Amino acid sequence: MFKKKYFSYESLKKLNTFKINVTAKKIVFVKTIQSLINVWNTCKFYSIPFIILGEGSNVLFLKNYQGIVVINRIKGIIVTEKKKTCLLHVYSGEKWNDLVKYSLRIGFFGLENLALIPGCVGSAAIQNIGAYGAELKNVCQYVDVLSLNDNSIKRIYKNECKFSYRNSIFKHQYKYGYAIISVGIKLSKIWNPIIFHSFKKKIKCTNITPYSIFNYICYLRRNKLPNPKKTGSAGSFFKNPIISKKKLKKLTSLYTNIPMHLQKNGLVKISAAWLIEKYRFKNIHIGDAEIYKKQKLILINRKNATGLEILKLSKIITICILKKFNIFLQPEIDFIR
Ligand code: FAD
Ligand code: EPU
């Protein structure tokens, strides 16, 4: 019989950036692959739900979690240097932004546009994190996943990862019963800058360096996004919708200046923040759940919002946007029940 006193019903408030005050039956920090396997085996044996988290910056807990939350702190970086490139084999519990800073310190480039994104390296691969014209898929060589059923580790090479906008195979085929253990990242000594269109006016193209891009992006993000230490959020709540040119034509006949990017497949990604802004929600809030004033794609927990209040607000926004623009906003975040 499972010893019930093993459960401590601890709060997850400090372990999810939305700062939702729910409990888990138990929270276990793991630093090694073996300890992750041990927790999983216990959960499997006693049929207890199990979830693995990095920094909890892309999840919304809707109620107390009736299982064990494993906080991944499996760390380490192995550097294999070649003449002009290097391969970083990074364990999944490393913090993403620490990796960005480390890569700049050792003089290898390619991560600077992804500065200051919260979360761990393993989760970065699940989400194919992206910002300012860059995505993880640009540098990712492989992802190692541990099958929690037979403890085998499988290497999924980049062309099998099915990376796309905020998506990958790890949100589907490898979602349950697997843990991401490490990610292979290839960087270059020769800098190939990604100058996102909004920088062009701001940065003089003659004196840009990877460090100036890093600093500029940190500055932009600190100004635009809620500080995860102070305000609860999970960054963008919704994905930017990708629509057909036909649908875009209808929209542009009604509205001007819609921020958009043409995709390689001929579809068009438009700004969800703009759609929400255009709807002009007037001081809408559900308890302490509200829309962040400086960036309308972000829902925040002002203080004591519950996951259900944030969900309710998101549903109202989705319905209003669907009715007004005939566009469905898909959530970017992962709901935990
Ligand atoms: P978590 O929230 O802990 O986990 C996310 C999901 O992955 C969960 O389902 C979890 O169970 C699963 N998971 C976590 N680790 C593992 C593992 N090792 N193995 C298997 N499954 C696992 N994202 C962007 O792409 N671009 C941005 O610019 C950006 N800006 C943000 C700004 C703010 C202020 C915030 C709060 C978030 C932002 N995000 C952004 C979203 C978020 O930071 C990323 O999605 C990040 O990669 C999530 O990492 P995490 O470790 O916190 O994941
Ligand atoms: N805009 C508005 N109103 C707003 C905010 C933005 O109209 O309140 C318009 C502006 O015209 C702006 C455009 O939308 O130029 C784009 O805004 P922004 O540059 O802030 O980017 P975004 O599309 O809202 C995406 C990502 C962010 C990422 C930034 C920077 C998604 C879902 N979000 O936001 O990622 O940091 O680009 O590249 O793709 C996240 O995923 O959590 C996240 C924060």
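A residue is called buried here when its relative accessible area is under 20%, exposed when that area is over 50%, and partly exposed in between (1.4 Å probe, protein chains only). By this scale N97 is buried, because its relative accessible area is 14%. N97 sits in helix α2, residues 96–105; helices (H or I, at least four residues) and strands (E, at least two) are DSSP runs, numbered from the N terminus. Leaving aside residues up to four places away in sequence, N97 touches A115, L116, I117 and F214, where contact means heavy atoms within 4.5 Å.

The model is predicted: local features need pLDDT of at least 70 and side-chain atom pairs count only at pLDDT 80 or more, while totals for chains, interfaces and linings use all residues. Residues are numbered from 1 along each chain as its sequence is written, chains are lettered from A and ligands numbered from 1 in the order in which they are written, and side-chain values use heavy atoms, with hydrogens and water left out.

The chain is assigned domain 1 (4–72), domain 2 (77–220) and domain 3 (229–336), with bounds that come from an automatic or database domain assignment.

An open sheet of four strands has the order β1-β2-β5-β3 and mixed pairing; two strands pair if DSSP finds at least two bridges between them. Its edge strands, each pairing on one side only, are β1 (10–11) and β3 (50–53). Two bridges connect β1 with β2 (residues 23–30) in the antiparallel sense, and S11 stands opposite T23 in β2. Across β2, β3 and β5 (65–72) lies helix α1 (residues 33–45), at about 155 degrees to β3. Such angles run from 0 to 180 degrees between N-to-C directions, with axes fitted as lines to C-alpha atoms, for helices over the stretch in contact.

Three bridges join β13 to β19 (residues 298–301), and G232 has N301 of β19 as its bridge partner.

Domains 2 and 3 have C-alpha centres 26 Å apart, and seven residues of domain 2 contact seven of domain 3. About 590 Å² is buried between them, 42% of it from carbon and sulfur atoms; buried area is the accessible area (1.4 Å probe) that two parts lose on being put together, summed over both. On the domain 2 side, Y165, R166 and K175 lose the most area, together 69% of what that side buries.

Two salt bridges are counted between domain 2 and domain 3, a salt bridge being a side-chain nitrogen of Lys or Arg within 4 Å of a carboxyl oxygen of Asp or Glu. R166 forms a salt bridge with E332, the closest N and O atoms being 3.2 Å apart. R166 counts as buried at 14% relative accessibility, and E332 also counts as buried, at 8%.

D288 and R302 form a salt bridge as well, with the closest N and O atoms 3.1 Å apart. D288 is in the loop between β17 and β18 and R302 in the loop between β19 and α7, 14 residues apart. D288 is buried at 18%, whereas R302 is partly exposed at 45%. Salt bridges with shared partners join D288, E290 and R302 into one network.
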